[in-house]
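Please read it alongside the sequence and the model.

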Amino acid sequence: MNLTSGEDLLALDRTHIWHPYASTDPTAPLYPVASAQGCELELYDGRRLIDGMSSWWCVIHGYNRPELNEALTRQTHQMAHVMFGGLTHEPAVTLAKKLVDLTPQGLEKVFFADSGSVSVEVAIKMALQYQMSQGKAEKSRILSLRKGYHGDTLGAMSLCDPVTGMHHLFQAILPQQLFADAPACGVRDPWDPACLDSLKELLHNHHQTIAALIVEPIVQGAGGMRFYHPQYLRESRALCDQFDVLLIADEIATGFGRTGRMFACEHAGITPDILCLGKALTGGYMTLAATLCTNKVADGICSGEAGVLMHGPTFMANPLACAVANASLDLLCSSPWQERVARIEQQLINELSPLEKYQAVKEVRAFGAIGVVELHEPVNMKVVVPRLVEQGVWLRPFGRLLYTMPPFVISSDQLSQITAAMADICQFLSQ
Ligand SMILES: *Cc1c(COP(=O)(O)O)cnc(C)c1O
């Protein structure tokens, strides 16, 4: 079998492959990518698309970076993989130290997981095992926020927004968690203490059965692309301390500079008890995630009944993934990423704000290297995606949200092409 043409690829794909959140509908738009370079994807027919998605938040340095290619090749010649039970290796140790140094003060222990969702599962286990170790086994539920997103495995899914997370489909098997109202106070609004009411009330009434609160700091991503006030996070930290509830920060989407700070928790100056990282950790090269925790949490777990943290994936701390993560963090820390993200934010504000004049548009917002156009109606993907592709732009809207989170290295011309294509869609949908 020789799959040299895009048509051959598509035909076989249609026959055998599931795509994310997709049916096997053969009429859904699907594009075969032959290669990618910088901020561009190259399709089989030679068309080039500017990637406004960073392949779902991951590819912060752009595609095909010599530094990352080199790190991966070098590690391949040492060892591609070795089990992590009873063995260790330099790429993992180096990476753990880098993560402890980079993340907010107080997070000292690192658990490497295969994907963001798995790192959330591990965070849930950490929280429950910690509470058990403190003689509080009845603290067995997690408090989450509406409009949140924490992943697709069952435990993580139980923490996603109950409506958009389609909890009714899996009701029979999902753990029943508690949900506070989504933070209503925007990141640049004057602080409104009333937006904490729902969280306060739930903690007040149910803290005896709550092990942890999980939040996406400042940016609620896939659950609605909303940006909320740092004071909400600061007050959440204080409430968790008051009610003896652990705080889990899910920075899988926000980590590594996306919001203009290395981690979004820094906007509020807080340290969570448990931190989940993923997505941009390897610069988009390999799947890798990490769950960090404080010594307090780790010591509790290890003094508890089990005496160990009960998780251990086969590919835990895969050396190739750790090596490329190390190279990606070096690349990030030696680059002017703050200026780049600030420039992207300013350009997104300048070029997307005028779109509020279109009748189809409900609201435009931008924060860090994230630009969002919220529409009144859900987007028809079969019409909108091909129209974006015709303009040489890759975006994947969902629901009523047309948004971009480009690689940090995008040029202002490339970003203008993305915002122009977004403007075209808004105009087209307003006709
Ligand atoms: C993407 C994401 C996850 C899930 O990560 P996967 O690697 O897709 O399993 C969890 N939480 C947040 C905030 C995310 O954006």
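In this predicted model, an N or O atom in the side chain of Ser 117 lies 2.6 Å from an oxygen atom of the ligand. The side chain of Lys 279 likewise places an N or O atom 2.6 Å from a ligand oxygen. Gly 116 contributes through its backbone, where a polar atom is 2.9 Å from an oxygen atom of the ligand. The protein buries 82% of the 380 Å² that the ligand exposes when taken alone.

**Ligand shell**

- The residues surrounding the ligand include Ser 115, Gly 116, Ser 117, Tyr 149, His 150 and Gly 151.
- Glu 216, Asp 250, Ile 252, Ala 253 and Lys 279 are also among the residues around the ligand.
- By class, the shell around the ligand consists of 3 nonpolar, 5 polar and 3 charged residues.

- Ser 54 belongs to helix α2, which spans residues 54-57.
- The relative accessible area of Ser 54 is 0%, so this residue counts as buried.
- Leaving aside residues up to four places away in sequence, Ser 54 touches Val 59, Tyr 63, Arg 258, Met 405, Pro 406 and Pro 407.

**Strand β16 and its pairing**

- Strand β16 covers residues 401-404 and is covered on both faces.
- Leu 401 and Tyr 403 are buried on one side of β16, and Leu 402 and Thr 404 are buried on the other.
- Strand β14, residues 370-375, pairs with β16 in the antiparallel sense over 4 bridges.
- Glu 374 has Leu 401 of β16 as its bridge partner.

**Ala 268 in the β10-β11 loop**

- Ala 268 sits in the loop that runs between β10 (246-250) and β11 (274-277).
- Ala 268 is classed as buried because its relative accessibility is 7%, and the cut-off for buried is under 20%.
- When residues up to four places away in sequence are not counted, Ala 268 touches Pro 230, Leu 233 and Arg 234.
- The C-alpha atoms of Ala 268 and Glu 235 are 9.4 Å apart in space, while the two residues are 33 residues apart in sequence.

How values were computed. Residues are numbered from 1 along each chain as its sequence is written. This is a predicted model: local features need pLDDT of at least 70, side-chain atom pairs count only at pLDDT 80 or more; totals for chains, interfaces and linings use all residues. Side-chain values use heavy atoms; hydrogens and water are left out. Helices (H or I, at least four residues) and strands (E, at least two) are DSSP runs, numbered from the N terminus. Buried means under 20% relative accessible area, exposed over 50%, partly exposed in between (1.4 Å probe, protein chains only). Contact means heavy atoms within 4.5 Å. A residue is near a molecule or strand if one of its heavy atoms lies within 4 Å of it. A polar contact is a pair of N or O atoms within 3.5 Å; within protein, one must be able to donate a hydrogen and the other to accept it, and residues adjacent in sequence count only if both atoms are side-chain atoms. Accessible areas come from the Shrake-Rupley method with a 1.4 Å probe; for residues, only the protein chains shown count as cover. Ala, Val, Leu, Ile, Met, Phe, Trp, Tyr, Cys and Pro count as nonpolar, Asp, Glu, Lys and Arg as charged, and the others, Gly among them, as polar. Two strands pair if DSSP finds at least two bridges between them.
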